[in-house]
Amino acid sequence: MQTVLFTSTIFGPIHSRRLGTSLGVNLMPADGKVCSFDCLYCEAGFNAQGPGKKGIPPREEVARLLEEKLQSMRADNLPLDVITFSGNGEPTLHPDFNGVVDDTLRLRDKYYPDAKVSVLSNATRLRSPQVVEGLRKVDNNILKLDSAIDSTVQLIDRPVGRDYSVADVIEGMKQFDGQCIVQTMILRGEHDGKVIDNTTDEEIEALLRAYKEIAPREVMLYSIDRKTPAEHLVKVEREELERIAERLRSEGIEVLVS
């Protein structure tokens, strides 16, 4: 079984194809996975591997480790474009997510004031006022919407629990008044005998309607770049991603393909 991708709370810096030189912050366990999605393509593996034994790092520990890393990078005169909340699950599940954001912004301002702070979220926690408050503060509030059709989300992202709906997520995203980026994984394949494909005309038109309603700052389209836990997924090549992007751009949507 493919297992956790990140074995520490602070990792990198790494080169992100979407964000540049990125220092990662993993708010989930360093030896397990905790997520409100169980995506077929997740680089950190399936949720079935369990949450591990180390637990979610406390706010104070995250701040201490982040400051140690930023101090070291600054001393070595290393570049940094962005501090990114990502890792072994959904960062907004951290019980003190809003406070961690405050600490991160303070440390960013102290050591790398020109760097951005980004959060990669699956948008399942937008009913929480504290989570929304935290997301409003960051430079890049990047929210996932892989399909605007509920049945396709159930196939690709496999939300944990029964209360996920695309309509609710769209409403949650709208409260940011355009101060968000929507990230969409485009892919094809098969899993457990079911066809996976969010490139069809029906899918793209549904996404277009959703993007128009959300009115995000930008839409990020991307496809598989690394090994996935589901074995029969197919990368959509850049040429096709650009064709999809052009369809969206023709309707006034700002699109980045990566």
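Helix 3 covers residues 129-137, and its buried residues are Val131, Val132, Gly134 and Leu135. Buried means under 20% relative accessible area, exposed over 50%, and partly exposed in between (1.4 Å probe, protein chains only). Helices (H or I, at least four residues) and strands (E, at least two) are DSSP runs, numbered from the N terminus. Contact means heavy atoms within 4.5 Å.

This is a predicted model, in which local features need pLDDT of at least 70 and side-chain atom pairs count only at pLDDT 80 or more, while totals for chains, interfaces and linings use all residues. Residues are numbered from 1 along each chain as its sequence is written, and side-chain values use heavy atoms, leaving out hydrogens and water.

Now the core. In soluble globular proteins, nonpolar side chains tend to be buried together. A nonpolar core is a set of buried Ala, Val, Leu, Ile, Met, Phe, Trp, Tyr and Cys residues joined through side-chain atoms within 4.5 Å. The largest one here has 75 residues. Leu70, Leu145, Met173, Leu221 and Leu248 touch the most other members. Helix 6 (residues 201-214) gives the largest share, 7 residues. A second, separate core has 5 residues, including Leu19, Val82, Ile142 and Met220. Beyond four places in sequence, the contacts of leucine 145 include Met173, Leu207, Ala210 and Ile214.

Helix 6 also has a helical partner. Its axis and that of helix 5 (residues 166-174) come within 9 Å and cross at roughly 30 degrees. Helix 5 is therefore roughly parallel to helix 6 (angles under 35 degrees count as such). Ile170, Glu171, Met173 and Lys174 in helix 5 meet Ala210, Glu213 and Ile214 in helix 6.

Threonine 199 lies in the loop between strand 8 (194-197) and helix 6. Threonine 199 counts as buried because its relative accessibility is 12%. Its side chain makes a polar contact with that of aspartate 197 (2.6 Å). Another, of 3.3 Å, joins it to the side chain of arginine 188. A polar contact is a pair of N or O atoms within 3.5 Å; within protein, one must be able to donate a hydrogen and the other to accept it, and residues adjacent in sequence count only if both atoms are side-chain atoms.

Technical notes:
Axes fitted to C-alpha atoms, helices over the stretch in contact; angles between N-to-C directions. Parallel < 35°, antiparallel > 145°, perpendicular 65-115°, else oblique.
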